[in-house]
Amino acid sequence: MTEFATIESRVRASFARQTMMQTLGAQILALAPGRCVIRAAIAPHVLQQHGAAHAGLAFTIGDSAAGYAALSTMGLQTDVMTVEMKINLLSPAVGEALEAVGEVMRAGKRLTVVRAEVFALSGERRKSIALLQGTMIPVDLA
């Protein structure tokens, strides 16, 4: 098994343990070194009062996509946690699903700067609805 295959297996196992992701019906669509894509349907239980997806859905999958992008660049004996995360909401999240594309901007020894862009998907339409930027920290598994 290649080193990235081992990392991918670890990331997917970690994702499977996140009960929040299960509650949201989220799935990892793609994973590469420093990049993760997560999608979740805009289901009736994640709407805000105007009928759009709640910003919490965008934040949650954006944070996780960015976090798993960071984890994909870290050693096998570490996990990852969010230190801080900022979100800019650009447009109402209307559509069938949200997709978050998380990327590592700079991986340092102690802190990794990440970003995520969240898109609302409706048929063939893909609209950017949120931008996140934050910092992740490695956490020893021991």
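**Strands, a covered helix and a pocket**

V113 has T135 of β6 as its bridge partner. This pair belongs to a set of 11 bridges that join strand β5 (residues 112–122) to β6, the two strands running antiparallel. The structure is a predicted model, in which local features need pLDDT of at least 70 and side-chain atom pairs count only at pLDDT 80 or more, whereas totals for chains, interfaces and linings use all residues. Residues are numbered from 1 along each chain as its sequence is written, and side-chain values use heavy atoms, with hydrogens and water left out.

Two terms are needed for the strands. Helices (H or I, at least four residues) and strands (E, at least two) are DSSP runs, numbered from the N terminus. Two strands pair if DSSP finds at least two bridges between them.

Within β6, Q133 is the bridge partner of K86. In a regular strand the side chains alternate between the two faces of the sheet.

α3 is mostly covered, with 14 of its 17 residues buried; buried means under 20% relative accessible area, exposed over 50%, and partly exposed in between (1.4 Å probe, protein chains only). The expected span of a helix is 1.5 Å times one less than its number of residues. For the 17 residues of α3 this gives 24 Å, which agrees with the 24 Å between its end C-alpha atoms.

S64 is placed in helix α3 and counts as buried because its relative accessibility is 7%. Leaving out residues up to four places away in sequence, S64 touches Q18, M21 and I38, where contact means heavy atoms within 4.5 Å. L24, in helix α2 (residues 19–24), is buried because its relative accessibility is 12%. Beyond its neighbours within four places in sequence, L24 is in contact with A40, V46, L57, T60 and I61. G51, in the loop between β2 (35–41) and α3, is partly exposed because its relative accessibility is 44%. G51 and P92 are 41 residues apart in sequence and 9.3 Å apart in space, C-alpha to C-alpha.

The largest pocket is lined by S14, Q18, D63, S64, G67, Y68, D79, V80, M81, T82 and M136. α3 (55–71) and β3 (78–89) are the elements that give two or more residues to this lining. On a 1 Å grid over the protein atoms alone, a pocket is an open set of points where a 1.4 Å probe fits, with protein on both sides within 12 Å along at least five of seven lines; lining residues have an atom within 4 Å of a point. The volume of the largest pocket is about 180 Å³, a volume being the space filled by probe spheres set on the points, which are joined across faces, edges and corners. By class, the lining has 4 nonpolar, 5 polar and 2 charged residues. Ala, Val, Leu, Ile, Met, Phe, Trp, Tyr, Cys and Pro count as nonpolar, Asp, Glu, Lys and Arg as charged, and the others, Gly among them, as polar.
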